Amino acid sequence: MKKILMLIFILLALNLGCRGGEVAQEAPVDIDMQPYLTLTEYSKQPLSFSIDEASFTVEPADIGLCYTSGGQRLCDGQVLMDYCNALEVLYTEESEDASISATDSFENPFVVTLSKDGRSLSAKEVFECVINSGTDEVVIGAQRIAPDVTTDSLQQQNSLISTYTTSFDSSTLRKENRVFNITKAAELIDGVVVEPDEVFSINETIGDRNKKNGWKTAGAISGGKYVQEYGGGVCQVSSTLFNAVMMADLKIVERHHHSWPMSYVPIGRDATISTGTKDFRFQNTTEYPVTIRTYVDQSAYSLTICIYGLRSSDYAYIEIESEKTGNVDSLPDEVHLDESLPANTKVVEREGRRGKKSTTYKLYYSESGELLDRVVSHKDTYPSIAAIVYLSPDLYY
């Protein structure tokens, strides 16, 4: 109805222009404008237009059509062209690309604005259709213009590629400050988009772990033993991300294992980070952006990290396996004299640990669950750590 009203307005404007003697000086399309063009076998009924889903009628005289005494219809080419130009403007619409934005919901991480097809109507084609139809009916189809970014393509480019969950449900791992640091680090990387060929750095993303930046002290490994440090616990975030990145088959640029295997991931699947030194970095080796989403469930004491992007057509999903492959020779204790200790006193400053070796694999599966390939991802050697012991004089000598 709106389009018909608009056409009436256009027609009135054209009629006023004809009565006032004002004629458009040029048309946007190149047509040989003859003062009069002969049309054959028209009745004197209104001309019926059908353009896509719209139908309407037009009085011939309103668009420059008239009749001779012999019953033939004649056309004022310029007036008809002006009308066809008006139809072109009315029925030409730009296409609209789909767009996507992140949400606060882990279950529904994205909102997609749907794409919309555009259409194009050629004034020249309408003009030629009118003068060549030979009937009272003019049926025209506008050309479809596809958007550059469709809803389907955008959804495919933001599919769930991988997800990995670790638990901190133990008396040591779920201490208040440690959970605070895990949550803070997870929130800082949540929603980060890594463009094609871009390298993501967790140290750059979450910043230095210190009091000034709002981090809290919690257990961390330093010098081969547990100490209290600002940001303690963030390695569980980097380790969880490391597993999600391996399952997304992205390129690991930098990764370091801990001094010994961690309880929250299998051996060979941890990634330690340290302010200003050790980092975890990966590169987006796909042709489309990838997005990191995180979720900390403080009631279930779990951390989940997901990677979204374009799924590979070579496989359906990846699983990670790792195994201990051997031990490293133990180191003798480092024994020191402490003359300040009472008699018969032994103080262990650092526990000794025997090193371990491991191999981690990537397993590629088809949609039906068929194993397509099993490849070595990396091998690790966790070094042996010597115990540091202080003895009172009576025990030392």
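Which residues is Leu241 in contact with, leaving aside its neighbours within four places in sequence?

**View 1. The surroundings of Leu241 in a predicted model.** Leu241 touches Ile189, Phe200, Ile202, Phe280, Phe282, Ile292, Ile305 and Ile307, once neighbours within four places in sequence are set aside; contact means heavy atoms within 4.5 Å. As this is a predicted model, local features need pLDDT of at least 70 and side-chain atom pairs count only at pLDDT 80 or more, while totals for chains, interfaces and linings use all residues. Residues are numbered from 1 along each chain as its sequence is written, and side-chain values use heavy atoms, with hydrogens and water left out.

**View 2. The largest nonpolar core, with 44 residues.** Such a core joins buried (under 20% relative accessible area, 1.4 Å probe, protein chains only) Ala, Val, Leu, Ile, Met, Phe, Trp, Tyr and Cys residues through side-chain atoms within 4.5 Å. Ile189, Ile202, Leu241, Phe280, Phe282 and Ile307 have the most contacts inside it. Among the elements that each supply at least two residues are strand 11 (159-167), helix 5 (176-189) and helix 7 (234-247); helices (H or I, at least four residues) and strands (E, at least two) are DSSP runs, numbered from the N terminus. Helix 7 gives the largest share, nine residues.

**View 3. A second, separate core.** Look here for Ala54, Phe56, Leu121 and Phe127, which are included in its 24 residues.

**View 4. Helix 5 packed with helix 7.** Their axes (lines fitted to C-alpha atoms over the stretch in contact) lie 7 Å apart, at an angle of about 45 degrees. The contact uses Arg178, Asn181, Ile182, Ala185, Ala186 and Ile189 of helix 5, and Val234, Gln236, Val237 and Leu241 of helix 7.

Terms used. Buried means under 20% relative accessible area, exposed over 50%, partly exposed in between (1.4 Å probe, protein chains only). Axes are lines fitted to C-alpha atoms, for helices over the stretch in contact, and angles run from 0 to 180 degrees between N-to-C directions.
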